[in-house]
Number of protein chains: 2
Amino acid sequence: MPLTRPFKSLLAAGALSLLAASPVLAEPAVEIRGTGDLGMVIERATGSVVLVDTTHKRVLKNIEGFGDLSHASVKFTRDARHAFVFGRDGGLTRLDLLTGEIDGRIIQGGNSIGGAISQDGRFVAVGNYEPGGVKVFDVETMELVIDVPASYEKADGTTDQAKVVGVVDAPGNLFVFSLFEAGEIWTLDMSSEEPELTKYRDIGSMPYDALITANGRYYIAGLFGEDGMALLDLWHPEEGVRRILPDYGRGEERLPVYKMPHLEGWAMAGSQAFFPAVGRNEVLVADTQDWSLTHRIEVHGQPIFVMSRPDERQVWVTFAHPDNDRVQVIDTRTHEVIKTLSPGESILHKEFTPRGEHIWISARDSGHVVVYDTRTFEELARLPAQSPSGIFFTHRAHRIGL
Amino acid sequence: MPLTRPFKSLLAAGALSLLAASPVLAEPAVEIRGTGDLGMVIERATGSVVLVDTTHKRVLKNIEGFGDLSHASVKFTRDARHAFVFGRDGGLTRLDLLTGEIDGRIIQGGNSIGGAISQDGRFVAVGNYEPGGVKVFDVETMELVIDVPASYEKADGTTDQAKVVGVVDAPGNLFVFSLFEAGEIWTLDMSSEEPELTKYRDIGSMPYDALITANGRYYIAGLFGEDGMALLDLWHPEEGVRRILPDYGRGEERLPVYKMPHLEGWAMAGSQAFFPAVGRNEVLVADTQDWSLTHRIEVHGQPIFVMSRPDERQVWVTFAHPDNDRVQVIDTRTHEVIKTLSPGESILHKEFTPRGEHIWISARDSGHVVVYDTRTFEELARLPAQSPSGIFFTHRAHRIGL
């Protein structure tokens with residue numbers, strides 16, 4: 001269904017403040033370099049980031065002024081020059097990777113969980129908890145383009161706004177996202193001057209996170225309020241949302257769950273999907289042809305991020321507290337755990353280099369990031385960072401859904 | 001089998017000349033920009049290239065001095081700042097994409113067909129026709145690291161050197177390539193200080209080109225001397241090379257073949273591989289689970305490049321003379337030709353933007369490159385170029401085998 005209000009009239013909606021958050025030098029020092037081997041490490045406690053070089057495995061700069069970065073995520077522009085950082089304080093901050101300076105920052109909402117950049121690179125969408133909805137900004141000017149409140153009708157007939165989670169980009173210049181309280185999945189088509197909103201209702205209880213497959217076809221939302229997951233096949237939107245993996249979740253026993261696993265990290269290897277069990281020390285394997293569960297792999301703890309090495313031959317797993325001092329590596333052919341590593345305390349995130357020769361792992365309470373050779377498991381570097389969490393490399397600019 | 005000569009002693013081998021091919025300005029004008037949306041178009045007749053910007057769909061600079069660029073290809077460095085151009089005259093030329101200047105050029109062999117950059121970004125390998133072999137250079141210094149002559153034993157017991165084709169990078173810091181006259185596939189492992197060479201013999205008659213799948217697992221060589229193809233599963237090298245698609249080729253009828261199709265462009269969509277038939281107006285489809293032929297799709301002419309849009313929903317096909325004035329688009333679900341386009345005369349190559357919203361197509365005899373929206377098929381731009389052939393965008397730096 002199209003939006004009832006035309007596109008143009010929405011331009012004025014929403015509070016917008018474009019300001020520099022940190023003092024910008026008159027002539028910032030610009031490093032002349034390619035941007036294909038740059039990356040960022042989020043320092044969650046200090047609202048800062050570490051700019052890194054993945055070729056020389058070194059820190060280039062420490063940059064402050066990003067606000068509240070607990071649970072922050074990052075998206076890169078199509079030219080891989082800028083990064084947008086989505087902060088928990090509703091801040092949307094643009095970093096110039098070449099100058100190492102923040103060149104745009106707005107407080108666009110009350111509480112943001114993440115966002116995405118459109119396929120054509122023109123738009124950055126932010127999903128908000130408070131007030132619930134999605135705001136889309138122009139990547140160049142950071143001006144508001146469209147404000148989409150996540151309004152839904154409650155059981156008692158009144159209207160409320162839902163928290164928005166699982167915002168991703170998809171082919172066709174779509175943004176796709178989920179409404180937590182509403183149990184809905186919406187797509188926002190930005191391919192024409194009149195953005196078109198489509199709503200899928202009754203997709204399940206309390207979608208709390210989502211992922212999109214690397215080809216941009218399947219959008220899968222995890223459900224907090226019930227078992228199973230909601231799948232939208234974007235090649236066949238007319239079929240609506242269907243339920244898959246009916247036993248996925250906490251189950252009848254209502255297991256103690258230390259932390260709901262992240263879905264973004266689902267590992268696809270051929271026709272196998274590797275993903276974290278909820279509340280169990282298991283990595284699960286499904287057949288992506290029919291989304292049936294095929295294997296359970298016993299691991300060290302409750303898995304959080306289950307990520308495939310780019311060549312799909314290994315899957316690397318991080319764990320929830322109290323087992324978050326280990327990382328395990330699974331062979332995707334044999335389903336065996338072939339290595340257990342101890343990079344430090346409170347391991348939060350990991351990122352492979354684009355062709356998979358190295359992995360960078362953040363250990364929050366150890367205050368460092370460790371770089372491993374993924375073939376020999378040799379430690380190659382250990383870089384200092386203050387409470388490091390998310391790690392993001394610029395090649396994501398060129399991938400669907402990342 | 002390890003090389004008989006140790007690594008260090010090989011450093012002096014081979015003729016090496018590091019020289020600037022074009023006059024370099026004392027202070028080249030450097031553009032401060034991200035390198036994620038840059039690309040190059042080869043101008044085959046004039047030994048020049050066009051540097052392009054895929055965000056604004058415009059020409060940034062025309063650069064000369066690359067030697068003979070008929071059938072030239074390009075690889076990008078890991079930081080996406082430099083491009084290596086492999087010329088037919090044996091020239092290996094390094095272009096700085098930010099200055100737009102050539103900053104290194106050597107004549108490393110007599111006749112080169114292409115090359116690859118290693119997974120770790122340190123080495124560039126060049127496959128040579130004359131003399132047959134592979135030379136590996138340091139990406140930074142362009143100094144020779146190792147010279148691997150493609151020596152093989154002929155039926156009469158004498159030794160000769162074979163033309164090298166199908167050079168690709170693979171995970172584990174491997175280079176993989178094929179020896180035309182020898183009917184062999186070799187892997188060169190650059191992961192340690194002592195590179196290790198492994199030879200697979202009797203793989204079939206006259207391998208003329210090869211491809212590697214996007215995950216770096218399967219290396220597939222096309223055979224000129226017989227039907228069928230040679231497949232090396234790099235996850236199971238102990239199983240050796242096996243034959244697949246036994247009917248693939250010119251067949252018993254020895255059809256007139258206008259041009260042997262390129263293999264690099266094989267399109268993988270889910271578990272389907274779309275690839276050009278030889279001498280027939282067909283695109284073939286195989287099941288990658290068992291490499292059996294499942295479908296034949298009738299198309300406009302003899303296909304040359306069959307390439308998948310990054311989201312795997314479409315396959316775009318170019319054709320051999322005399323049908324090379326058309327491009328056709330196949331829907332990967334229905335296997336139907338959904339569009340036929342006429343971008344110009346003598347269409348040689350095409351390249352998708354990394355997330356697939358656009359495609360750039362070179363029409364040699366029309367002297368232009370046309371940019372299309374892949375969803376609406378609308379023409380978005382038409383850029384001038386002299387006899388344009390290959391088109392290469394920098395996101396290839398971050399992909400296995402590209």
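**Entry 1: two prolines in chain B**

I began at B:Pro322, which sits in the loop between β27 and β28 (327-331) of chain B. Strands here are DSSP runs (E, at least two residues), numbered from the N terminus. B:Pro131 belongs to the loop between β9 (123-130) and β10 (133-138) of chain B.

**Entry 2: a note to myself on the model**

I must remember that this is a predicted model: local features need pLDDT of at least 70, side-chain atom pairs count only at pLDDT 80 or more, and totals for chains, interfaces and linings use all residues. Residues are numbered from 1 along each chain as its sequence is written, chains are lettered from A and ligands numbered from 1 in the order in which they are written, and side-chain values use heavy atoms, with hydrogens and water left out.

**Entry 3: the sheet that holds β27**

I then checked one pair. β26(B) and β27 (residues 314-319) of chain B are joined over 4 bridges in the antiparallel sense; two strands pair if DSSP finds at least two bridges between them. B:Met307 has B:Trp316 in β27(B) as its bridge partner.

**Entry 4: another sheet in chain B**

I also traced an open sheet of 4 strands in the order β18-β19-β20-β21 of chain B, with antiparallel pairing. Its edge strands are β18 (207-212) and β21 (241-244) of chain B, each pairing on one side only. Strand β20 (residues 229-233) of chain B pairs with β21(B) over 4 bridges, in the antiparallel sense. B:Ala230 stands opposite B:Arg243 in β21(B).

**Entry 5: how the two chains relate**

Which rotation superposes chain A on chain B? I noted 180°, with 0.0 Å of shift along the axis and an RMSD of 0.0 Å. That is the relation of a two-fold axis. The superposition is by least squares on the C-alpha atoms of residues with pLDDT of at least 70 in both copies. In chain A, A:Thr35 comes closest to the rotation axis, at 2.8 Å (C-alpha). The same surface serves both copies, as 100% of the contact residues of chain A recur in chain B; contact means heavy atoms within 4.5 Å.

**Entry 6: one residue in chain A**

Last, I looked up A:Ser387, which lies in the loop between β33 (379-384) and β34 (388-393) of chain A. Its phi is near 45°, a positive value in a residue other than glycine.
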